[in-house]
Amino acid sequence: GSSGSGDLHPNRALIPIGEKLMVQYVVNALREAPSVGRIVVVGPVKDLEGIFAGYPDVLLAEQGDSHISTLLNGVKVLCPRDEDKIIVATSDIPLLSSEAVEDFLRQCAQREGDVFYSIVPKEINEQRYPGVKRTYVHLRDGIFTGGNLFLIRAGIIEPCAAKAEELVRLRKSPLALSRQIGPWFIIKYLLHRLSLRETEIKFSKLLGIKGYGIISQYPEVGIDVDKPSDLELVRRILAG
């Protein structure tokens with residue numbers, strides 16, 4: 001579960017859209033993807049128990065006090081081996097489809113790595129959902145928005161957790177973050193001269209892992225509901 005802005009429900013995962021709650025759309029997309037095995041929903045267990053009572057293949061775990069601790073709580077319930085790959089989806093992408101999940105996993109399987117992160121080209125996003133407002137990153141390879149689907153090798157999650165928490169904290173301190181990342185990297189990014197490969201290498205080095213950005217042609221992986229206009233969009237689409 002993820003906590004939302006004050007304009008929405010205090011827990012976005014539990015916002016009703018049609019006859020289902022937002023998190024159910026995400027879980028259903030994962031259940032319908034043949035490559036996905038066991039599923040854990042991490043959030044307020046008291047609220048989730050009634051919602052997922054009829055889902056025998058869905059496990060529950062209590063949310064933590066940060067995104068990283070919430071992820072760790074879900075991983076503990078799965079008890080994976082180090083080499084197992086865990087797909088992570090946020091609970092606020094109700095347009096997600098099993099096709100988008102399978103395409104992401106198929107692309108990930110073509111590379112040896114520890115962390116895979118979905119990204120969507122701006123033109124695909126705007127072509128499919130005209131007028132949708134997203135944050136974009138300008139790279140040499142194109143303009144992308146971040147997706148909310150990740151694939152992570154289980155063995156690296158705990159060792160990387162502390163470093164990831166530190167980088168998340170530093171996002172509010174640009175000077176400290178720039179010291180970690182390095183001035184030339186930032187200058188190249190500002191000049192739109194940074195490539196996707198350079199970005200992968202930099203963040204792999206920062207976290208001590210091998211990571212890749214996976215370009216998805218399915219904008220549904222990144223249409224997250226974090227403001228009222230997003231909620232109106234997904235309600236309109238899912239009602240149709």
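The structure is a predicted model.

**Helix α6 and its kink**

Helix α6 covers residues 154–170. Its 17 residues should span 24 Å at 1.5 Å a residue, and the end C-alpha atoms are 25 Å apart, which agrees. The helix also has a kink of about 55 degrees, centred on Cys160. Cys160 is one of the buried residues of α6.

**Helix α1 and Arg31**

Helix α1 consists of residues 22–31, and Arg31 belongs to it. When neighbours within four places in sequence are left aside, the residues in contact with Arg31 are Ile39, Tyr55, Asp57 and Val58. A separation can also be given for Arg31 and Glu62, which are 31 residues apart along the chain: 20 Å lies between their C-alpha atoms.

Helix α8 comprises residues 183–190, including Lys188. Trp184 is also placed in helix α8. Trp184 has a relative accessibility of 67% and therefore counts as exposed, since the cut-off for that class is over 50%. Together with Ile187 and Leu191, Trp184 makes a nonpolar surface patch of about 380 Å².

Lys188 has a relative accessible area of 31% and is partly exposed. Which residues does Lys188 touch, not counting those up to four places away in sequence? They are Arg193, Leu194 and Glu198. Between the C-alpha atoms of Lys188 and Leu231 there is a separation of 35 Å, and these two residues are 43 residues apart along the chain.

The loop between α8 and α9 (196–207) contains His192. Although His192 is not a glycine, its phi is positive, at about 60 degrees. Its relative accessibility of 42% makes His192 partly exposed.

**Cys79, a further residue with positive phi**

Cys79 is not a glycine either, yet it has a positive phi of about 50 degrees. This residue is situated in the loop between α3 (67–78) and β5 (85–89). With a relative accessibility of 61%, Cys79 counts as exposed.

**Salt bridges**

Side chains of opposite charge can pair when their charged atoms come close. With a salt bridge taken as a side-chain nitrogen of Lys or Arg within 4 Å of a carboxyl oxygen of Asp or Glu, the count comes to 16 salt bridges. Three of them are set out below.

| Salt bridge | N to O distance |
|---|---|
| Glu220 and Arg128 | 2.5 Å |
| Arg134 and Asp224 | 2.7 Å |
| Asp230 and Arg134 | 3.7 Å |

In the salt bridge of Glu220 with Arg128, the closest N and O atoms are 2.5 Å apart. Glu220 lies in the loop between β9 (211–215) and α10 (228–239), while Arg128 lies in helix α5 (residues 122–128), so this pair ties together parts that are 92 residues apart in sequence. Glu220 is buried, with a relative accessible area of 4%. Arg128, at 47% relative accessibility, counts as partly exposed.

Arg134 takes part in a salt bridge with Asp224. Arg134 is in the loop between α5 and β7 (137–139), and Asp224 is in the loop between β9 and α10, so the pair ties together parts that are 90 residues apart in sequence. Both Arg134 and Asp224 are buried.

Arg134 also meets Asp230 in a salt bridge. Why does this pair tie together parts that are 96 residues apart in sequence? The reason is that Asp230 lies in helix α10, whereas Arg134 lies in the loop between α5 and β7. Asp230 is buried, as is Arg134. Through salt bridges that share partners, Arg134, Asp224, Asp226, Lys227 and Asp230 are joined into one network.

Key:
Residues are numbered from 1 along each chain as its sequence is written. This is a predicted model: local features need pLDDT of at least 70, side-chain atom pairs count only at pLDDT 80 or more; totals for chains, interfaces and linings use all residues. Side-chain values use heavy atoms; hydrogens and water are left out. Helices (H or I, at least four residues) and strands (E, at least two) are DSSP runs, numbered from the N terminus. Buried means under 20% relative accessible area, exposed over 50%, partly exposed in between (1.4 Å probe, protein chains only). Contact means heavy atoms within 4.5 Å. Patches are made of residues with over 30% relative accessible area and no salt bridge: like charges are joined within 9 Å, nonpolar side chains (Val, Leu, Ile, Met, Phe, Trp, Tyr) within 5 Å. Accessible areas come from the Shrake-Rupley method with a 1.4 Å probe; for residues, only the protein chains shown count as cover. The expected span of a helix is 1.5 Å times one less than its number of residues. The bend at a residue is the angle between axes fitted to the seven residues ending there and the seven starting there.
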